[in-house]
Amino acid sequence: PNLGFQTNPQQLTQNPLQPNLLQPNAPFTFQANPQVHTPQAFNLPQTPPLARNPLQPNLSTFNSIQASTPPQPQRFVPDQPAAPFQTSNSPLDHIIPCSLHYVRPTVRTFPKTIKAFKDSGLPYGSIFHPLADATENNSEVPVIDMGETGILRCRGCMGYINPYVTFLQIGRSWRCNLCFQSNDVPSSYYAQLDQNGKRPDLSQRPELVHASAEFKAPTEYNSRPPRAPLYFFCIDVTFYSVSSGLLQVTCQKIAECLDSLPGGSEAKVGIATFDSSIHFYDLSSGSSPHMMVLNENHQSELNIPFVELKQSRGVFVSLLEKLPKMFAQTQKVEACLGSVIKSTFEMVKKIGGKFILFSCSVPSRGLGALKHRENVKVMGTDKEIPLLKPQHDFFKELALEASKSHVSFDLFLFSEKYVDIATLGEMAQLTGGQIFYYTEFSRGKDVEKFQRDLERCLLRNTGFEAILRTRCTKGIRIINYFGNCYLKSDLMILPTVDADKAFGVMLDLDKDLPDSTLFI
């Protein structure tokens, strides 16, 4: 085979053994016929020709360059998108592609035919990291306010306007790059195209330049008026929590993070503690909180108000300082986690918010009580499989109801022996939450990691009451979804989504792709 550079980059010879693949021109955009730039000639020192090895196959060599030193390998920077092959007059040369930090395909090429798709045997999909923190190679996403014009969306697939749409009729209409539907351009958004087919106002339209963009949603996009974020803390005060120092460390760290919570002084907070009983605290009752103790089987509806930090910060911090002393002499080892979650959820389901749960033992009392079922004798046998499945559906049903009410659960689990994560974990899995697990928590061994995790959980960039839908070019369909969420048809329900959450989709090819570009 000829290993030299092609003299005509527009007529590349295809290897008959190579599948017909599409080349990407952006992390979420795949192009079939990229332009290839011919390399420039370099004047390098000439060296005597190397003696040919008689055992070496007779291969043609690069006749345009002869380097005296071996070429240096290119360094791959994963956070930088692949630059599209474009010319100076290309209608796409103004586009800033989506960073791989936000959208990352599983492969960099995509089959154009069903045969190539099946023969490759590769998983084709994409991973989305919508609220990823900005880095040096990943600039912040522009926030766009469309004003009175409103957000332009395709009337066929409801896709959003983006840099890859095509403007037609001198700019009076635009064609969707996903379903190819033509849409009218509102008069307030109209701009006549220049001789290169570009709008002259691109510098004022970031949604037509940045492949990653955030639109400011008008009121009609909200199912209800935006609310201040609510953080509700459920803290285990059993003997193990107190004796290990966990209760004191937890209260100290929460107090340190209060002033930096997303939502600022407008954020609302609430707190409950539990052992074999439930303890609620009314933080609106003046200079000192009022404590209410309920048994594990309490079912009647409560009405304990949640307070804004700017009004009751002092009372809340005072309570956090007193909790380790209040339960210093406790001897209770049983916990009613299910009962406290159920009782608290009934109070917040009309508001929505984020639960942060701290549990140090298997909840053996009250609603959703669990049995200790660890058995070392069945480890590594078929009898171990049931231990990896939930004991019952109480926490799953509670999580499904919470997801519909915009409530999420983050779990901090500590245990001296056994924690049934298979059962408790469904609360985080179905509500966009997260699980932090510490085996045999020790203040000397785990306290720094726990403090970092709790601080990150509370202070990271977080969105509330979110949904996520993935659209792709006609001919491609989504066959599977991945991530901590509740899936309703093709819609991911996310009571909360934060900077550490990623979601994935698996793609399938329905038919051969006639077009040269594919979008997700």
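Predicted model: local features only at pLDDT ≥ 70, side-chain atom pairs only at ≥ 80, totals over all residues.
The expected span of a helix is 1.5 Å times one less than its number of residues. Helix α3 covers residues 246–257, 12 residues in total, and reaches 17 Å from its first C-alpha to its last, close to the 16 Å expected.

Now its surroundings. Of the 12 residues of α3, 9 are buried, so the helix is largely enclosed by the rest of the structure. Among the buried ones are Leu-246, Leu-247, Val-249 and Ile-254, but also Thr-250 and Lys-253. The buried residues of α3 pack against β11 (230–236), α2 (239–243), α4 (309–326), β16 (353–359), β17 (407–415) and α9 (443–459).

Next, a sheet. Four strands form an open sheet in the order β3-β5-β23-β20, paired antiparallel. At its edges are β3 (103–105) and β20 (476–482), each pairing on one side only. Neighbouring strands here are turned by 25° against each other on average, direction ignored. Strand β23 (residues 503–509) pairs with β20 over 6 bridges, in the antiparallel sense. Met-506 of β23 is the bridge partner of Asn-480.

On to the nonpolar cores. The largest has 49 residues, and Phe-110, Ile-161, Phe-167, Tyr-189 and Ile-476 have the most contacts inside it. Elements giving two or more residues to this core include β20, β23 and β19 (462–469). The largest share, 4 residues, comes from β23.

Take Phe-167. Leaving aside neighbours within four places in sequence, Phe-167 is in contact with residues including Ile-161, Trp-174, Tyr-189 and Arg-199. A second, separate core has 41 residues, including Tyr-231, Val-237, Leu-320 and Phe-327.

Definitions and conventions
Residues numbered from 1 in each chain as written. Heavy atoms only, no water. Buried < 20%, exposed > 50% of the residue type's maximum accessible area, 1.4 Å probe, protein only. Contact = heavy atoms within 4.5 Å. Pairing = 2+ DSSP bridges. Axes fitted to C-alpha atoms, helices over the stretch in contact; angles between N-to-C directions. Core = buried A, V, L, I, M, F, W, Y, C linked by side-chain atoms within 4.5 Å.
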